[in-house]
Amino acid sequence: MKNSLRTIAVRYLLSILAVVAITLLYRHIFRANPTTVALTFLVLVLLTSANWGFRLASLVAVLATAAFNFFFLPPVGTFTISDPQNWVALLAFLITALVASDLAERARRQAEQADRRRREVERLYAFSQSLLTNENVLELLNTIPGSVASTFGVSGTALLVDTKDTVYRSSPQAQFDTGTLKATLVRGELTVTEGVSYVPLRIGVRTIGAIAIADATLSRETLEAVGSLIGIAIERVRAVEEVTKSRAEQENERLRSSLLDSVTHEFRTPLTSIKASVTSLLSAFQLDNSQRTDLLTVIDEESDRLNRLVGEAAEMAKLDSGMFALDKRPTAIHDVIDAALAERRSSLQNHPIEVSLSDKLPLVPMDFERIREVLFHLLENAAKYSEPQTPIRITASVEKGQLLVSVADKGTGIDSMEQSLIFDKFYRGRNHRYAASGTGMGLAICKVIVEAHRGKIGVVSQLGSGSVFSFTLPLQ
């Protein structure tokens, strides 16, 4: 307030000094005819009106008229005018100055309004862009008040929508009359009370909420545009969530069907082999010892396979529940790699194994059995999805303060669209669902174990060139 009064006082002083300066200039330095003096005073009036408003320009016009009369119209040195034509000239000057200053004031106001509207349009555009960054209703509702406050430079905002009782605020200090907010939501009319604008959020003729904006200098049109933008954004996100939910339900149903199909196929295959072997053993045909041994071996291997499938399903359920604890101890990664290779020796016998470890790898805190299980699944996948005699390469190094372990194969590769899905439970590649055995739980188990160690797991793959599965473990 003090700064504003000081500014007004300075402007009045400068205006008076400008009149004095012009008077002194033409009175003592440059001798000019009355017409030139009058035009100079008129320019001063126009400049004052264009920059500081009509009120100050009116003062300048009166002062200039008085100075013009006293110093430049005969008889000089008095306010008396001897020639009647000079009365007409002086009156014309005053009227011209006032009319011109009024026109300049109008032009200035129109320019200011146009500039204000331009800024408001720019802010509306920036605000609309910020509304497009959220795809979650709750996140959007929490973001909107702060976004309105920062974009339009207001002291506080509060939001209420028809589907929730919560009032979302730009800050804890942004306290507004909740009753007026609810009334605005019900009536759908914009109201201004004690410097606070209550704006309905409309979708066509339907009102879905209300927002309170404090100390807003925005025009009514801009406030209504803000309400419409917010209403459209909320309705858009709601629609997106509905579509996403519908798609998720469809995907869940498809996944359930795929899972049932996959599990049925995986369990039926060993059961069929066991049943056929048992039927042969119980048949009346005479079997020699080698044939009996082969059939018993099939029963033994397929029973182990069944047991492993049941074990994976049980482990996935346990990991999903979070009811497991890690036995983390400083461990050398090459010991874990050796244990995993020894366990998968039979399935890896048709693949050359290349192990490349950096020198002096540190001991890393990890659960030996869990990380061995991760390598077990990665090696099994590498062998399962690559041609016989193609090499499998295992590497380990320290990068950016983490242990990085990778398993690379020369298999068929993974489509870029599927790379983000293969770590989901029960997901199996479209081209391998029936070509290779598995339930789609292995990589999901790996992901849970690695993330429980505060690490990350990922894949880099190209169709026809193989895949590289990598996971990291913190050094501490």
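The points below go from the whole chain to single sheets and helix pairs.

1. Basis. This is a predicted model, in which local features need pLDDT of at least 70, side-chain atom pairs count only at pLDDT 80 or more, and totals for chains, interfaces and linings use all residues. Residues are numbered from 1 along each chain as its sequence is written, and side-chain values use heavy atoms, with hydrogens and water left out.

2. Whole chain. The protein chain has 12 helices and 12 strands; helices (H or I, at least four residues) and strands (E, at least two) are DSSP runs, numbered from the N terminus. Of its 476 residues, 38% count as buried, that is, under 20% relative accessible area with a 1.4 Å probe, protein chains only (exposed is over 50%, partly exposed in between). Contact means heavy atoms within 4.5 Å. Among contacts between residues at least 6 apart in sequence, 66% join residues at least 24 apart.

3. Strand S5 and its partners. Strands pair if DSSP finds at least two bridges between them. S5 (residues 206-214) is mostly covered, with eight of its nine residues buried. Five bridges join S5 to strand S1 (residues 157-161) in an antiparallel run, and Leu160 has Ala210 in S5 as its bridge partner. Strand S4 (residues 196-203) also pairs with S5 in the antiparallel sense, over eight bridges; here Arg202 stands opposite Thr207. S4 and S5 form a hairpin with two residues between them, and Gly204 in the turn has a positive phi of about 70°.

4. The five-stranded sheet. An open sheet of five strands has the order S7-S9-S10-S12-S11, with mixed pairing. Its edge strands, each pairing on one side only, are S7 (353-357) and S11 (457-462). From one strand to the next the twist averages 15°. S11 pairs with S12 (residues 466-474) in the antiparallel sense over six bridges, and Gly458 has Ser470 in S12 as its bridge partner.

5. Helix H11 on the sheet. H11 lies across S9 (392-399), S10 (402-408) and S12, and runs at about 175° to S12. Axes are lines fitted to C-alpha atoms, for helices over the stretch in contact, and angles run from 0 to 180 degrees between N-to-C directions.

6. H9 with H11. The axes of H9 (residues 333-343) and H11 (residues 368-384) come within 9 Å and cross at roughly 50°. The two helices are therefore oblique to each other; angles under 35 degrees count as roughly parallel, over 145 as roughly antiparallel, 65 to 115 as roughly perpendicular and the rest as oblique. The crossing of H9 and H11 is right-handed, meaning that the near helix is turned clockwise from the far one by less than a right angle, whereas anticlockwise is left-handed. Residues making the contact include Ile333, Val336 and Ala340 of H9 and Phe368, Leu375 and Leu379 of H11. By class the contact has 11 nonpolar, no polar and three charged residues. Ala, Val, Leu, Ile, Met, Phe, Trp, Tyr, Cys and Pro count as nonpolar, Asp, Glu, Lys and Arg as charged, and the others, Gly among them, as polar.

7. H11 with H12. The axes of H11 and H12 (residues 442-452) come within 9 Å and cross at roughly 150°, and H11 and H12 are therefore roughly antiparallel to each other. Their crossing is left-handed. Among the residues that meet are Ile371, Val374 and Leu378 in H11 and Leu443, Cys446 and Ile449 in H12. This contact has eight nonpolar, three polar and two charged residues.
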